[in-house]
2 protein chains.
Amino acid sequence: MSYPFLKGHGTENDFVLLPDHDGTTHGGLSADELARRVRALCDRRAGIGGDGVLRVVRTAHLGVPADGSEWFMDYRNADGSLSEMCGNGIRLFARHLVDEGLADGSAPIPVGTRDGVKLLTVDGDQITADLGTPRVLGETLVSVGHLELGARHVDIGNPHAVTFVSCLDDAGPLLVAPDHDPDVFPDGVNVEFVVRRGDRHVAMRVHERGSGETRSCGTGAGAVMVAAAVADGVARDEDVTYRVDVPGGTLRVTWTVDDRVLLTGPAVVVASGVTDL
Amino acid sequence: MSYPFLKGHGTENDFVLLPDHDGTTHGGLSADELARRVRALCDRRAGIGGDGVLRVVRTAHLGVPADGSEWFMDYRNADGSLSEMCGNGIRLFARHLVDEGLADGSAPIPVGTRDGVKLLTVDGDQITADLGTPRVLGETLVSVGHLELGARHVDIGNPHAVTFVSCLDDAGPLLVAPDHDPDVFPDGVNVEFVVRRGDRHVAMRVHERGSGETRSCGTGAGAVMVAAAVADGVARDEDVTYRVDVPGGTLRVTWTVDDRVLLTGPAVVVASGVTDL
């Protein structure tokens, strides 16, 4: 059976989009069958390749509360597992909705996710996702190779350990997950290695649990900005914006006075077609 | 500018196909522009992803001798550089021609390449490429990690060093090119690590010069079969066939009595569409 797909990325975090507006194209699959299809699509050699799959379905066709969202992002990781949210993925999702005339880009777009409704704002080629309120938690330790490093625990929907290093090469090849405290992170953790590049400007590498090193991580960029702002002792009486360079591009992160993290950057669809994977 | 593409693979050696029958879609690009487009297409995060690009053009529209071939495979590596031939790529090329009705699969199909015209035979889901006559050369040494290994030098359009190991893990992670004798291989070499799996049945891993470890290498499978047949002292008074397992699947290689190497295996198109990369 052939079905339509698109491929795109946000700062080189890449995804296969599956239009399935009324849920009839993929909605009839069992959980196992859908997981198998996601793995086949994300396979970078035998498939199309991607860090995950974004199924584009009208909220009305799912048994979930709409909360004002016409569209729902059914996100799955490359291994077929479910995930609540993806900061770069949802920015690409909004790009697609506006490109196809499925949403009006002149106003914020509510998009349903398993982590609730998120607001997306499209401004030219820049797309902003509201990642919600961060939780700044304690200090912890991570280690990579022979280096043991102090890190800030930040939770922004998922857990992060942010460590400031003198050079991004300090993290080494990142072929295995950095060691971390299993009492603090019983379900694993994304680890960000950060250097300062200037005033309110940092650069990062990230090791994502379950994925390894990636070219970009939206919630990771958010966690990094928050940790940097806390370390810099930035006053929170107005919105604060940092530039965060990732291996796949540049993001901007704003921590608002009402304690929300806004992730802004480009997202682009590069191909569309049909597949029978 | 949007233009059509397809993606497919042969034993997980994957390629972007660019239909350009009369040469007007991509033929007007300068060499630098075309190299840039190939790199963008093959980028596995920001593009579609592939080990190379196969431009599908009628031989009549190129300034090269047709030698009976209606179609020419303009093959480029993922880094944009030109290459003469690709054993798995040309099998996918033939699959595409037959799928689209551009060639009659009931007879061998001549396909032009920079290494001359190759004959392709399609039999159901199995596609055979005639890789030509191998040259069995001397013994040489390669080393990987702390292991120094004797290897057979086989040339099959490009140079190979085939080494028999006790276990495919002996090759280690293969993150860097195995050391080799620069006097024997001044332009580098593809190195195959081989174990025996049974009678006329081997399994291999390969490190390709310029690409690193790949899931499959068509000429590499051919070189491995020839080296194994020589090592086994197989009589050459009839066609000899070996099964060669690669990480991405299974190939069969036949060394004919008239001294040609035939590479047989599956090749499949998995997606088609348009892109503006």
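# Contacts between chains and between domains

Visitor: How many residue pairs are in polar contact between chain A and chain B?

Guide: The model is a predicted one. Between chain A and chain B there are eleven residue pairs in polar contact, both residues of each pair being at pLDDT 80 or more.

Visitor: Which elements of chain A give two or more residues to the side that touches chain B?

Guide: They are strand E1 (3-10) and strand E18 (268-275) of chain A. E18(A) gives the most, with six residues. By residue type, the side of chain A that touches chain B divides into eight nonpolar, five polar and eight charged.

Visitor: What makes E18(A) and strand E18 of chain B a pair?

Guide: Two strands pair if there are at least two bridges between them. E18(A) and strand E18 (residues 268-275) of chain B have five bridges, in the antiparallel sense, and therefore they count as a pair. Within this arrangement, A:Ala271 stands opposite B:Thr275 in E18(B).

Visitor: Why is the link of A:Arg45 with B:Asp51 called a salt bridge?

Guide: The closest N and O atoms of A:Arg45 and B:Asp51 are 2.5 Å apart. The limit is 4 Å between a side-chain nitrogen of Lys or Arg and a carboxyl oxygen of Asp or Glu, so the name applies. Across the interface of chain A and chain B, the rule finds two salt bridges.

Visitor: How is the size of an interface often given?

Guide: It is often given as the accessible area lost when the parts come together. Chain A and chain B bury about 1800 Å² between them, with 48% of it on carbon and sulfur atoms. On the side of chain A, the residues that lose the most area to chain B are A:Arg44, A:Arg45 and A:Val270, together 37% of what that side buries. In terms of contact, 21 residues of chain A meet 21 residues of chain B.

Visitor: What makes domain 1 and domain 2 of chain A count as being in contact?

Guide: Contact requires heavy atoms within 4.5 Å, and nine residues of domain 1 meet twelve residues of domain 2 on that basis, so the two domains are in contact. The two domains of chain A bury about 810 Å² between them, 50% of it on carbon and sulfur atoms. A:Thr11, A:Glu12 and A:Leu131 supply 57% of the area that domain 1 buries against domain 2, more than any other three residues.

Visitor: Why are A:Glu12 and A:Arg215 said to meet in a salt bridge?

Guide: The side chains of A:Glu12 and A:Arg215 have an N to O distance of 2.8 Å. The limit is 4 Å, and therefore this pair qualifies. Across the interface of domain 1 and domain 2 of chain A, the rule finds one salt bridge. Three residue pairs are in polar contact between these domains, both residues being at pLDDT 80 or more. Helix H2 (residues 87-99) of chain A provides the largest share of the side of domain 1 that touches domain 2, three residues.

Definitions and conventions:
Residues numbered from 1 in each chain as written. Chains lettered and ligands numbered in written order. Predicted model: local features only at pLDDT ≥ 70, side-chain atom pairs only at ≥ 80, totals over all residues. Heavy atoms only, no water. Buried area = accessible area lost by both parts, 1.4 Å probe. Polar contact = N/O pair within 3.5 Å; in protein donor to acceptor, adjacent residues only side chain to side chain. Helix = DSSP H or I, 4+ residues; strand = E, 2+ residues; numbered from the N terminus. Nonpolar A, V, L, I, M, F, W, Y, C, P; charged D, E, K, R; others polar.
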